[in-house]
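Dear colleague,

I am handing over the structure below, and after it you will find my notes on what came out of the analysis. Please read them with the coordinates open.

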Amino acid sequence: MKFDRLSFLCLLAGAALASGCSSLGVKPWQRDVLARDEMRLDANPLDAAIDDHMYFSKEASSGGRSYAGGGCGCN
Amino acid sequence: MQLKPKALPVKAASARRRLMAASCALLSAGAAQSQEPGAAPAGSGLLEDWSVDSALAYYHENGRVTAVEPVVDVSKVFADGQSLNFNATFDALSGASPNGALPSRQAQTFAGPSGKRTYTIAPGQLPADPNYHDTRFAAGANWTLPLTRVDNLSVGGKFSAEDDFISATVNASIAHDFNDKNTTLSFGVFNEFDSLHPVGNTPVPGSDFTSLVRTGGKTKDGVGALLGITQVMTRNWLTEFNLSVDRFTGYLNDPYKITSIIDSAGNTTGYEYENRPDQRTRKSAYWENRVAWTSQLSTGLSLRYMSDDWAVRSDTAQLHLHWSLSNRERYIEPTFRWYRQTAANFYTPFILDTLKPTTNFESADDRLGAFHALTYGVKYAQKLPGLGNRPESEISVRAEYYQQTFNERVPVPAGLQGLDLYPALKAVLVQIGYRF
């Protein structure tokens with residue numbers, strides 16, 4: 001059976017999510033660390049947008065974190 | 001009979017006022033803590049309590065394009081959970097843009113896209129249009145609306161206009177929280193509509209460069225979907241996993257890119273416009289992890305794999321460290337990114353005049369070749385006292401260095417040996433930011 005990297009990444013993330021299912025998550029009063037700015041997945045949206053624009057115009061890949069559309073004639 | 005409250009003794013009235021004041025203080029503190037950052041109390045003025053994030057970026061490539069890009073993003077979270085976001089970007093680009101042709105032992109002269117001027121490239125130099133310039137304005141908006149306590153609907157749109165390109169995108173997504181809000185499942189779709197009006201009209205794909213066979217404006221459209229899950233793993237670990245697919249159809253060529261036609265000795269005998277397929281489907285998997293190691297140090301690691309039906313496969317890994325200093329008043333973020341892609345199955349740096357390409361499609365655009373790229377970056381940010389009644393603001397400076405290196409180099413005729421046919425792209429980005 002042939003596994004490509006897409007399947008491998010799915011399996012790896014799935015294994016991480018499934019590992020220790022009983023202990024996943026925290027109680028509401030345990031969110032102090034997760035509440036820090038730097039722990040937000042979109043902590044620096046402008047930095048990400050500027051980087052994404054640069055990579056979109058210089059590489060054949062885009063998206064993943066969010067939509068792949070470019071809205072730019074540079075590629 | 002009218003009942004009148006009995007007048008309280010002075011001492012009791014004073015005690016009641018103090019009690020009421022203490023209660024109000026407690027309630028207002030509680031309300032402030034329960035709101036999201038940036039949340040505005042109901043009924044506050046529309047222009048109050050907006051969060052503003054702004055940046056000015058300067059981008060420069062070695063001997064190629066320079067860009068200046070101011071960006072501003074304003075957002076507001078309302079007390080009922082709704083949020084609004086508006087953003088605007090302006091780009092001004094100028095410099096030399098590679099046209100796709102190979103360097104040659106002889107000087108090469110090209111007509112510019114408008115056909116009104118020419119430029120000459122010295123022997124051994126990478127052909128690039130030295131008069132490239134473009135401006136771009138983009139604006140977007142996003143509105144998030146809570147449907148229930150655990151469901152959010154988000155809709156948005158984006159519009160951008162360049163001298164030769166117009167794009168409009170609409171998107172919508174829905175997110176559902178469960179497992180005590182430790183898990184969020186989201187699904188979103190987008191639709192993009194692009195209109196191209198190249199300088200000098202649109203070349204016919206694959207046509208001879210000098211014959212000027214051109215048509216009018218072209219369009220391309222894209223549609224895509226993204227399925228994501230965000231999971232709180234532990235008190236210090238947050239993970240996100242996304243699967244996405246998109247499909248673009250229409251005129252997918254770069255109208256300014258050409259391919260050299262060479263003879264067996266390596267002499268350039270002509271050029272033709274690139275000819276890409278008119279549809280492309282991409283699939284990607286993206287996994288990001290945020291982990292707080294200590295009260296000062298946290299990391300973000302993201303991995304992405306993408307593949308498309310042009311045979312491009314890419315791997316991306318990005319790591320950034322967040323190091324808080326001086327009681328969280330300053331922070332430093334070093335970043336490292338590694339990227340690798342395979343070539344599109346129609347990519348070719350040149351066409352031998354005795355051989356046709358293996359398919360009807362061809363492109364010498366180096367963005368479709370096989371290369372790897374490294375990015376090194378660092379960001380420094382300092383918290384400042386807030387403006388007006390705002391608690392604080394942040395000023396930052398960020399610098400990145402980006403370099404591409406080609407991985408596969410095809411055998412070339414003797415006449416081209418010794419020429420740098422794959423010059424590495426090197427770029428620097430410097431950005432200052434201010435948010436309040």
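Of the contacts in chain B between residues at least 6 apart in sequence, 58% join residues that are at least 24 apart. Please keep in mind that this is a predicted model. Chain B has 24 strands and 1 helix, and buried residues account for 32% of its 436 residues.

Turning to the contact between the chains, chain A contributes 37 residues and chain B contributes 73 residues. On the side of chain B that touches chain A, the largest share, 9 residues, is supplied by strand S17 (residues 279–292) of chain B, and that side as a whole is made up of 28 nonpolar, 25 polar and 20 charged residues.

The largest nonpolar core has 18 residues, among which A:Ile50 and B:Tyr59 touch the most other members. Two or more residues each come from helix H2 (45–58) of chain A and, in chain B, from strands S2 (51–61), S3 (65–78), S22 (371–385) and S24 (426–435); H2(A) gives the most to this core, with 4 residues. As for B:Tyr59, once its neighbours within four places in sequence are left aside, this residue is in contact with A:Met54 from chain A, and with B:Thr66, B:Ala67, B:Glu69, B:Ala427 and B:Leu429 from chain B. There is also a second, separate core of 10 residues, including B:Ala101, B:Leu102, B:Phe209 and B:Ile262.

With best regards

Methods
Residues are numbered from 1 along each chain as its sequence is written. Chains are lettered from A and ligands numbered from 1 in the order in which they are written. This is a predicted model: local features need pLDDT of at least 70, side-chain atom pairs count only at pLDDT 80 or more; totals for chains, interfaces and linings use all residues. A nonpolar core is a set of buried Ala, Val, Leu, Ile, Met, Phe, Trp, Tyr and Cys residues joined through C-beta atoms within 7 Å. A residue is buried if 20 or more other C-beta atoms lie within 10 Å of its own, exposed if 12 or fewer, and partly exposed in between; C-beta atoms are placed from the backbone. Two residues are in contact if their C-beta atoms, placed from the backbone, lie within 7 Å. Ala, Val, Leu, Ile, Met, Phe, Trp, Tyr, Cys and Pro count as nonpolar, Asp, Glu, Lys and Arg as charged, and the others, Gly among them, as polar.
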